[in-house]
Amino acid sequence: MGFFVDRDGAVTPAAFLLVVGGVLVAIGYQYTQDDDYQSTSHYVIFGKPIQLLIGSILIGLGLIADVWRRFGNTSSSVGKDETLAFLPAEEILNELNKMKHEGTIGDSVASETEKKEIEKLRLKKSVNCLDALAMKCGREQTRRNKLMAKAKTEGDELNVNIAGKLSYEQHELEILCQDAVYIVLDLYPCNDDAVSAAISLLALIAKDEEVRRRHIEEADKFGLNVPVKAMRDALKRAKIQDAEDSEEARKVEWRSAELQRKGCLMIGALADGDPEMATKLVDEDGLKAALDAMEWYRFHSEVANWSLWCVFCICYDHMGNKGSLVMKLGGIQRICRAMKDLPTSLDVARHGIAILFDLMREVPENPTALVQIRTIALNAGVHDVLSRAMEEFDDSVEIMMMGQQMLYATGYQGNIPHYRPRET
């Protein structure tokens, strides 16, 4: 695929030359099989049909074009992004390490314009490195999951033999990706494109056990504070951007919101099913980062949706994190506000109600806290929020069941909406 189609899906010039040249060579060869192929009707040059000669030249040019596309311009250490998709993950990481060890651009570059141009290319290459790793990791994880699923169906779950079927050992590729993420965040902690690519890749590998272990046990190198801080700093930059009503300003706002959505996805994926990791993320302001993103982009349904999902992953069945959410960060008020601002978003309603339900359910070991939480929820207008969501999505079993139980438990005096399935 790399020879015939480039990374954008377009046919390469080398492939075009090869195909045309191959056709001409085939035509010319066919003429050579005729007894009278040297007749002038076949346009003979040097005793050979002209099609054969031209086709051979085109094939040679195609091969040269492909070599140039892959390895050309090797004099620049930052201009070979086209080859990244074909490199092994180890070599991609080596490219990032080279840029890290090169440090800042020295005085050997004559002008400031040249320095800016080289730094721009280095930034682009760093982002492309992370994108290439994300592509490789996604494919490898998909292949691995298919092999594991096949092994389970064949009853070989305890002894899954995947040797030779995967390009990397278990955890190997994810560790390389984690190393790359922290190199780029160290090089470009204040660039939104770099931070977005790094956070996106970190979310992709967040479920890996070895990646999580390194976050906790090797916090000096892979501390959770680094990506969380990068996410929060990006939000601070977004807040001071000029509020222009232009197409370019809207694109910048969308990219900033997308970065925060990816950040919430990353934090939630890291915390999901791991109480120790969830506790550490709260300590590093990960919960606050998700809530702040939801509050600032309060009319972006995807940001709110993934922020609420992140909050649920951090706080579910975790009393300490629930206390931080309710008592320190005003989480209930913020959740109710998000549901009011986005009343037609099913995902926002579902995740918001799931969090409220988890917060307000019976806790035998701490009944006083439950009373406090329900009082805060009532003061935040939870009755109005729940009834509106249930009326809007009365065909959702989850929303209706959790909503009805919360309304009953908190003494709601109005008419409680009932489940109404949609006719198919």
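Biologist: Where does Lys207 lie?
Modeller: Lys207 lies in the loop between helix H6 (192-204) and helix H7 (209-217). Helices here are DSSP runs of H or I with at least four residues, numbered from the N terminus. This is a predicted model, in which local features need pLDDT of at least 70 and side-chain atom pairs count only at pLDDT 80 or more. Residues are numbered from 1 along each chain as its sequence is written, and side-chain values use heavy atoms, with hydrogens and water left out.

Biologist: Which residues is Lys207 in contact with, leaving aside its neighbours within four places in sequence?
Modeller: Arg212, Ala269 and Asp272, where contact means heavy atoms within 4.5 Å.

Biologist: Which side chain does the Lys207 side chain make a polar contact with?
Modeller: That of Asp272, at 2.7 Å. A polar contact is a pair of N or O atoms within 3.5 Å; within protein, one must be able to donate a hydrogen and the other to accept it, and residues adjacent in sequence count only if both atoms are side-chain atoms.

Biologist: And what separates the C-alpha atoms of Lys207 and Asp274?
Modeller: 9.8 Å, with the two residues 67 apart along the chain.

Biologist: Switching to His171, what is its phi?
Modeller: Phi of His171 is positive, about 75°, although His171 is not a glycine. His171 sits in the loop between helix H4 (112-153) and helix H5 (172-187).

Biologist: Why does Asp317 count as exposed?
Modeller: Because its relative accessibility is 58%; exposed means over 50% relative accessible area, buried under 20%, and partly exposed in between (1.4 Å probe, protein chains only). Lys207, at 48%, is partly exposed.

Terms used:
Helices (H or I, at least four residues) and strands (E, at least two) are DSSP runs, numbered from the N terminus.
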